[in-house]
Amino acid sequence: MDLPETGPTDPKWHPYRDPSPSASPSSPPARWSDDAVRVVATPPEPDTIVGVADAIDGREMRESATRDSPIANAAAAAAVVTPTSPSPSSPSSPDEAAAEIAYAAVSEEAVESLRDDGFAVLDDVLPADVIAAGLDAANALERSRRTVNVGQEGRDDSIAVLAGDALPAEGTMLAGLSPCARTLLAVPAALRRRRAEMTGGSTDGPPSTGDEDGRRGTGRRGRAAAADRGAGDPRGRSSGSAPRETMRRLATATAPDKLMLANYPGDGARYVAHLDNDPGDPRHSEGEPGLRASDRAVTAILYLNPDWEESHGGCLRVHLEGPGGATVDVAPSAGRMVLFDCRRIVHEVLPSHASRWAMTAWIND
């Protein structure tokens, strides 16, 4: 994978390229700015989620570290601070702070990209110190041997599952994971709110005004694709009912009960191409409601990997919709979040040659 060696002078631009054979060698590499969109991890089986969750329930972890631990101190420093006398405009709890962060990240442009292209990439969602504390906690979790390889063919990651209603408490070994998890859990409400603003509809219902699918403008990636490939080229652009169905699902987006933390150990570990909500999977509807693959509407992934380099591999490869077979590779850089429609976007994790961490929430509809 040959990423561009240099980017535009604007330091906020993050390079990626379309590595498909059909891409024109004379065309400049496609690029996406940091504030536009983000990328994916991968799903455990529904029954596995329930089993692994018992090993990492936050209530079990609260006595596992003291405030004298460097990891605990880092997590405490990165935790969202609750003001003693909050003003009307300031958050009064970590959950409210996470809601504000998620709403700021899930911009109208991001929703347009999710609607039009099936995925969006969002950069710098959380400050570097918060991501660093999350990484410290994830590494501590791995050292304690609480991650599990589920033995599923085609995937090499080890996972643990966080219970959304019992996140690790401040001052414990795993506390650094909680701000990351809260932000992911706040994304569904942010999606509903942005959709309502864009369509004129209520937060929890279908649009009451505007076009049938709530279309308004064109996503950033769509504009770049039209410029690079020509407006008449269908590669990578969805058509028909797909954008409308994505917008419909956002109207009822709800937070999951559990989140997955996944590590690819850096020995070429990968995950083969798949859909997160694939009706062709024989286990598609197995498990508890809310934990089944069939309940998934949007995948939200947050990456914890600082100083990621091309040689590390491990990019998320997104298979674009359309007949051309085009793909886009997204580096799993720290602070980057990726959103994509679980029913539309086939994706894979390319071989990783460095330890790679991602936290994933499957948003239900």
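Leaving aside its neighbours within four places in sequence, with which residues is L191 in contact? I looked this up with contact taken as heavy atoms within 4.5 Å. L191 is in contact with V106, V111, L114, L250, L339 and I363.

**Entry 1. Basis**

I note that this is a predicted model, in which local features need pLDDT of at least 70 and side-chain atom pairs count only at pLDDT 80 or more, while totals for chains, interfaces and linings use all residues. Residues are numbered from 1 along each chain as its sequence is written, and side-chain values use heavy atoms, with hydrogens and water left out.

**Entry 2. The chain as a whole**

I took helices (H or I, at least four residues) and strands (E, at least two) as DSSP runs numbered from the N terminus. The chain has nine helices and 12 strands. I then looked up burial, where buried means under 20% relative accessible area, exposed over 50%, and partly exposed in between (1.4 Å probe, protein chains only). Of the 365 residues, 53% count as buried. The chain exposes about 14,900 Å², of which carbon and sulfur atoms supply 49%; this area comes from the Shrake-Rupley method with a 1.4 Å probe. Among contacts with a separation of 6 or more, 80% are between residues 24 or more positions apart.

**Entry 3. Nonpolar cores**

I used the following definition: a nonpolar core is a set of buried Ala, Val, Leu, Ile, Met, Phe, Trp, Tyr and Cys residues joined through side-chain atoms within 4.5 Å. The largest has 50 residues, and L191, L339 and M359 touch the most other members. Helix α7 (residues 177-199) gives the most to this core, namely 10 residues. Another core of 14 residues lies apart from it, and includes F119, I301, L316 and V318. In soluble globular proteins, nonpolar side chains tend to be buried together.

**Entry 4. The six-stranded sheet**

I counted two strands as paired if DSSP finds at least two bridges between them. In what order do the strands of the open sheet of six stand? The order is β3-β10-β7-β12-β5-β4, with antiparallel pairing. β3 (119-122) and β4 stand at the edges with a single partner strand each, so one side of each has no neighbour in the sheet. On average, neighbouring strands of this sheet are turned by 20° against each other, direction ignored; the axes are lines fitted to C-alpha atoms, for helices over the stretch in contact, and angles run from 0 to 180 degrees between N-to-C directions.

I followed the sheet through strand β7 (residues 296-303), in which eight of eight residues are buried. β7 pairs with strand β12 (residues 356-364) over seven bridges in the antiparallel sense, with Y303 opposite A358. Five bridges join β7 to strand β10 (residues 337-341), also antiparallel, and here A300 stands opposite L339. L339 is also among the residues that touch the most other members of the largest core. β10 in turn pairs with β3 over four antiparallel bridges, where M337 is the bridge partner of L122.

Beyond its neighbours within four places in sequence, L304 is in contact with I131, G134, L135, A138, C180, L261, A334 and W357. L304 and G134 are 170 residues apart in sequence, yet 7.0 Å apart in space, C-alpha to C-alpha.

D307 is found in that loop as well, but counts as exposed at 67% relative accessibility. I noted a positive phi of about 55° for D307, which is not a glycine. R145, in the loop between α6 (128-143) and β4 (158-163), has a positive phi near 60° and is exposed at 77%. Most residues other than glycine have a negative phi.

**Entry 5. Helices α5 and α9**

The axes of helix α5 (residues 108-117) and α9 come within 7 Å and cross at roughly 130°. That makes α5 oblique to α9, since angles under 35 degrees count as roughly parallel, over 145 as roughly antiparallel, 65 to 115 as roughly perpendicular and the rest as oblique. V111, L114 and R115 in α5 meet P243, T246, M247 and L250 in α9.
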